[in-house]
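My notes are below the display.

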Amino acid sequence: MSADPKQEYSTAYSNYVLGVLFIVYVFNFIDRQVLSVFIGPIKEEFGASDTQMGLLVGFAFALLYTIAGIPIARWADKGNRRTIIALGLTVWSAFTVLSGMAKSFTHLALARVGVGIGEAAGSPPAHSLIADYFPVSKRGTALAIYAAGAFVGGAIAFLGGGYLREFFDWRTAFIVVGAPGLLIALLVRFTVKEPPRGYSEQRTEESQSSTLMETLRFLGGSKAWVYMMAGYSLLSLTGYAILMWGFEFLARIHGMNPISTGQLMGVVIGVGGSVGALIGGRLVDKMSVIKVSRTVSVPAMITLAGLPVGALFLLSQTQTMAAWLFLPFFLMLNIYIPAMFSANQNLARLDMRATASAIMLFIVNIVGAGAGPLLVGALSDVFAAEHGIQSIRYALLCAVGLGVIGALLLLYCTRFLEEDLKRAHSAAV
């Protein structure tokens, strides 16, 4: 069903669509995150190293996720975004179930590639839909609510995964978390409507979709966007390093059992990540009416202030101290996310928003979801010769240090943000 340019959508229906997309993103991260809970058992069963496990939780998923995201986003800028999301959800849920049937490390890696391809159809069209359903004054909060789905999904994966690891095996976990997504895909397909592009801004004129190269040239011509992507990529690396290795860090360094580790990770990721994203969204909306550059600079400063707390968390010698520091660190670490989503949409023209989202996700996920877990695994193996089991602590500290550089790059990008936003809004479509 194509968009009806005369259709009007109530606030209640717009909120409903946001709620459905939120649920989709929850399952996106449950299926993505549950693997990190079972790094130890999978490593033991297949005789893998930390480097190999870093590859499995990182590039095995992220490489095809990011590459497939570009053509899928091109499709979303021309086609029905609702249908694309439903198809993607079906694919990644099916491959999550197949992950539980893997007979070797290679089979599992290939299944994770399939999960990545399916999940590539999630966020770019969802970001574009949200931008059309919500005006600029409400977009930051709407995108923050959507972003919170990642943390709710991660929390469910850790909480449920902790119990599944304690009482079942990793194969059962993949089947249990993958199957429900097949039903959610039907909800998306038959209850979400496709709005006209630019609906929320009353700029619904018909236009030809821009090409990939036109989108790359347009975004690459923005100094703010270039520095912004560099900064967000490094912060993404820090975030994914903690997400994918945090469970194993707590188990190795503090000797926590699977249920206790899952509970702590679930609370920190679910509460800390969600609250951080929601605060970040409100900041974006509030700052947008004061000075647009502050929509990026204020969240970046808060995230920067939280990184030393992360270092103290990783260096804590007691389980209690680590637990108390983990929550504020993770909350502050994720303040920046709505600003990233919102600024990226605002710096793009109407006809390139889904593609702009895919390009952003390509860059930040290659560095974050791909290189982040792999870097930590590789550094852990390198440091193990001198530091033994403590090597994971120092590998994660390196990831936090890169986040500091990322936050500083975001502060620098605001020098160019105001002018580049005017360029995007005035550009002919």
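The entries cover one valine and then the salt bridges.

I am working from a predicted model, in which local features need pLDDT of at least 70, side-chain atom pairs count only at pLDDT 80 or more, and totals for chains, interfaces and linings use all residues. Residues are numbered from 1 along each chain as its sequence is written, and side-chain values use heavy atoms, with hydrogens and water left out.

Entry, Val177. I found Val177 in helix H9, residues 170–178 (helices are DSSP runs of H or I, at least four residues, numbered from the N terminus). Val177 is buried at a relative accessible area of 12% (buried means under 20%, with a 1.4 Å probe and protein chains only). I listed what Val177 touches, leaving out residues up to four places away in sequence: Phe27, Ile30, Asp31, Val34 and Thr96 (contact means heavy atoms within 4.5 Å).

Entry, salt bridges. I took a side-chain nitrogen of Lys or Arg within 4 Å of a carboxyl oxygen of Asp or Glu as the rule, and the count came to 7.

Glu119 and Arg32 pair at 3.0 Å, N to O. Glu119 lies in helix H6 (residues 105–119) and Arg32 in helix H1 (residues 11–37), so the pair ties together parts 87 residues apart in sequence. Both Glu119 and Arg32 are buried.

Arg81 and Asp132 pair at 2.7 Å, N to O. Arg81 is in helix H5 (residues 81–99) and Asp132 in helix H7 (residues 123–133), so this bridge ties together parts 51 residues apart in sequence.

Arg252 meets Glu248 at 3.1 Å between the closest N and O atoms. I noted that shared partners join Lys43, Asp50, Glu248 and Arg252 into one network of salt bridges.

Definitions and conventions:
Helices (H or I, at least four residues) and strands (E, at least two) are DSSP runs, numbered from the N terminus. Buried means under 20% relative accessible area, exposed over 50%, partly exposed in between (1.4 Å probe, protein chains only).
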